[in-house]
Amino acid sequence: MTSMALADVAAAWQRDGHFQVQGVLDMSRSRALLDEARSFETEAFDRINTAVGWKAHREGGLSSAQRCRAHRAGPALKAMAHDRSLIDIVRTALRSDIIVPTRMGYKYYRAGDFMAAHRDDFKCTVTLSIAVTDNLGIMGWLPELRGLSNSALIEELSQRGDFPQTSSTMPLTQGTVMAFDGFNIPHWRSPFETEDLGILATICYFALD
């Protein structure tokens, strides 16, 4: 990315809490992620939370009901997470000298799978969503509630539900990398509507300064 583009990324992060990462996911890497994710599917573990409502965690995260399957990252996704050009983009956006990847893996969605409105834990200063397949649609989120306390957010979501009605959505288009403030902004995936397997890769970075 050019210095001007990097400046735009930093401004977008401060203003909007998200930006699209350019230039780190070519066709070869996209294919490698797809092949890796598919090879792990039969070993994926269930991610099921049937709790009603929301649970605030001491470190600041907010969990909620979900149903999908998941698998930890393999060599292809780990290589992307440690890609120097990607790290430099994220570091510039955060205006941070040191960031480290803390979490990475794949999520698998079949018809009816979902993640209710939640916020990521404190290890996710920035969350990257990578659409591995072409059927993921959109992610819902409420950027206007960025930074709201957990108690205030639970009160808000109690009125609006697991999947709030909103015009704020983030497209998850195959081959794109979306970075967003998942620790501070509530977000969700409405029940998956297609029988075909949907695969989302995620990477979280934590700023050490």
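Colleague: How many nonpolar, polar and charged residues does the lining of the second largest pocket have?

Modeller: This is a predicted model, and the second largest pocket in it holds about 330 Å³ of space. A total of 18 residues line the second largest pocket, and those closest to its centre are Ile-138, Arg-189, Ser-190, Pro-191 and Glu-193. By class, the lining of the second largest pocket divides into 8 nonpolar, 8 polar and 2 charged residues.

Colleague: Which element gives the most to the lining of the second largest pocket?

Modeller: Two strands, E9 (138–141) and E12, each supply at least two residues of this lining. The strand that gives the most, with 3 residues, is E9.

Colleague: Is Glu-193 buried or exposed?

Modeller: Glu-193 is among the residues closest to the centre of the second largest pocket, and it is found in the loop between E12 and E13. Its C-alpha atom is separated by 26 Å from that of Asp-181, although the two residues are 12 apart along the chain. The relative accessible area of Glu-193 is 79%. A residue counts as exposed over 50%, so Glu-193 is exposed.

Colleague: What is the volume of the largest pocket, and which element gives the most to its lining?

Modeller: The largest pocket has a volume of about 730 Å³. Its lining is made by 37 residues, and the closest to the centre are Arg-47, Arg-103, Lys-107, Met-115 and Asp-120. Several strands give two or more residues to this lining, among them E2 (45–49), E5 (66–72), E7 and E8 (126–131). The volume is therefore about 730 Å³, and the element that gives the most, with 6 residues, is E6.

Colleague: Of what kind is the aromatic pair of Tyr-109 and Phe-192?

Modeller: A search of the whole structure finds 6 aromatic pairs, and Tyr-109 and Phe-192 form one of them, at 6.1 Å centre to centre with 40° between the planes. The pair links distant parts of the chain, since Tyr-109 is in strand E6 and Phe-192 is in the loop between E12 (187–189) and E13 (198–207), 83 residues apart. Tyr-109 is buried at 1% relative accessible area, and Phe-192 is buried at 7%. Planes under 30 degrees apart would count as stacked and over 60 as edge-to-face, so the pair is tilted.

Colleague: Of what kind is the pair formed by Phe-114 and Phe-163?

Modeller: Phe-114 lies in strand E7 (residues 114–118), and Phe-163 lies in the loop between helix H5 (150–160) and strand E10 (169–171), 49 residues apart. Phe-114 counts as buried at 19% relative accessibility, whereas Phe-163 is partly exposed at 27%. The ring centres are 5.9 Å apart and the planes stand at 85°, so the pair is edge-to-face.

Colleague: Which residue has its charged end over the ring of Tyr-109?

Modeller: Tyr-109 is buried, with a relative accessible area of 1%. A charged end sits over its ring, 4.8 Å from the centre. That end belongs to Arg-189.

Colleague: Within what arc do the buried residues of H4 fall?

Modeller: In an α-helix there are 3.6 residues a turn, so residues three or four places apart point the same way. The buried residues of H4 are Leu-86, Ile-87, Ile-89, Val-90, Ala-93 and Leu-94. They line one face of the helix, because, seen down its axis, they fall within an arc of 160°.

Colleague: What is the phi of Arg-95?

Modeller: Most residues other than glycine have a negative phi. Arg-95 lies in the loop between helix H4 (84–94) and strand E6 (99–109), and it is exposed, with a relative accessible area of 59%. Although Arg-95 is not a glycine, its phi is positive, at about 55°.

Colleague: How far apart in space are the C-alpha atoms of Phe-40 and Tyr-106?

Modeller: Phe-40 lies in helix H2 (residues 27–40) and is buried, with a relative accessible area of 16%. Phe-40 and Tyr-106 are 66 residues apart in sequence. In space, C-alpha to C-alpha, they are apart by 8.9 Å.

Methods
Residues are numbered from 1 along each chain as its sequence is written. This is a predicted model: local features need pLDDT of at least 70, side-chain atom pairs count only at pLDDT 80 or more; totals for chains, interfaces and linings use all residues. Side-chain values use heavy atoms; hydrogens and water are left out. Helices (H or I, at least four residues) and strands (E, at least two) are DSSP runs, numbered from the N terminus. Buried means under 20% relative accessible area, exposed over 50%, partly exposed in between (1.4 Å probe, protein chains only). Rings of Phe, Tyr and Trp (its six-membered ring) pair if their centres lie within 6.5 Å; planes under 30 degrees apart count as stacked, over 60 as edge-to-face and the rest as tilted. A charge sits over a ring if NZ of Lys or CZ of Arg is within 6 Å of the ring centre and within 35 degrees of the ring normal. On a 1 Å grid over the protein atoms alone, a cavity is a set of points where a 1.4 Å probe fits but cannot get out, and a pocket is an open set with protein on both sides within 12 Å along at least five of seven lines; lining residues have an atom within 4 Å of a point. Ala, Val, Leu, Ile, Met, Phe, Trp, Tyr, Cys and Pro count as nonpolar, Asp, Glu, Lys and Arg as charged, and the others, Gly among them, as polar. The arc is that of the directions from the helix axis to the C-beta atoms.
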